[in-house]
Amino acid sequence: MNNFREVNDDILKDWLEFREDKIFTTNSAKDKESYLYFDELSDNILANVSEENKKYAQEQLDQLYDNFIDYLEYWNEKYYRNGFCDGVVIINNTLNS
């Protein structure tokens, strides 16, 4: 049996990718209140940076964005994957008792 706690190319990974696509395409009004307006924030920062520092600031903002997205993906996968596995263990223990 596959160990679903390990991140592999498995059905759970496919489901997480599906959910990510679904979440980013169906935003409610409440979702939009908590949306990270990174492009707008970046534009505001860059508008207040001297011309000689814009390239560096843009590179740092791009790196920050990439790092933040990687962080979110890691924690979301860890949270959902472990929650799924915990649920399977509870169901399995209930059925076996």
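Biologist: Which pattern does the protein chain follow when read along the sequence?

Modeller: The pattern is α-α-α-α, with four helices and zero strands in the protein chain, where helices (H or I, at least four residues) and strands (E, at least two) are DSSP runs numbered from the N terminus. This is a predicted model, in which local features need pLDDT of at least 70 and side-chain atom pairs count only at pLDDT 80 or more, while totals for chains, interfaces and linings use all residues. Residues are numbered from 1 along each chain as its sequence is written, and side-chain values use heavy atoms, with hydrogens and water left out.

Biologist: Where in the protein chain is confidence lowest, and where is it highest?

Modeller: On pLDDT, the predictor's confidence in each residue from 0 to 100, helix H1 (residues 11-25) is lowest at a mean of 74 and H3 is highest at 95. The protein chain averages 83, and 87% of the residues score at least 70.

Biologist: What makes the nonpolar surface patch?

Modeller: Leu-36, Leu-41, Phe-68, Tyr-71, Leu-72, Tyr-74 and Trp-75 make a patch of about 680 Å², and helix H4 (residues 54-96) gives the most to it, with five residues. Patches consist of residues with over 30% relative accessible area and no salt bridge, in which like charges are joined within 9 Å and nonpolar side chains (Val, Leu, Ile, Met, Phe, Trp, Tyr) within 5 Å; the areas come from the Shrake-Rupley method with a 1.4 Å probe, and for residues only the protein chains shown count as cover.

Biologist: Why is Leu-36 called partly exposed?

Modeller: Buried means under 20% relative accessible area, exposed over 50%, and partly exposed in between (1.4 Å probe, protein chains only); Leu-36 has 38% relative accessibility and therefore counts as partly exposed. Leu-36 is found in the loop between helix H2 (29-33) and helix H3 (38-47).

Biologist: Why is the aromatic pair of Tyr-74 and Trp-75 called edge-to-face?

Modeller: The structure holds three aromatic pairs, one of them formed by Tyr-74 and Trp-75, with 5.2 Å centre to centre and 80° between the planes. Rings of Phe, Tyr and Trp (its six-membered ring) pair if their centres lie within 6.5 Å, and planes under 30 degrees apart count as stacked, over 60 as edge-to-face and the rest as tilted, so the term edge-to-face applies here. Ring pairs also link Tyr-71, Tyr-74 and Trp-75 into a cluster. Tyr-74 counts as partly exposed because its relative accessibility is 48%, and Trp-75 counts as partly exposed because its value is 40%.

Biologist: How do you know that Lys-54 forms a salt bridge with Glu-51?

Modeller: The closest N and O atoms of Lys-54 and Glu-51 are 3.9 Å apart, and a salt bridge is a side-chain nitrogen of Lys or Arg within 4 Å of a carboxyl oxygen of Asp or Glu, so the pair qualifies. A search of the whole structure finds one salt bridge.
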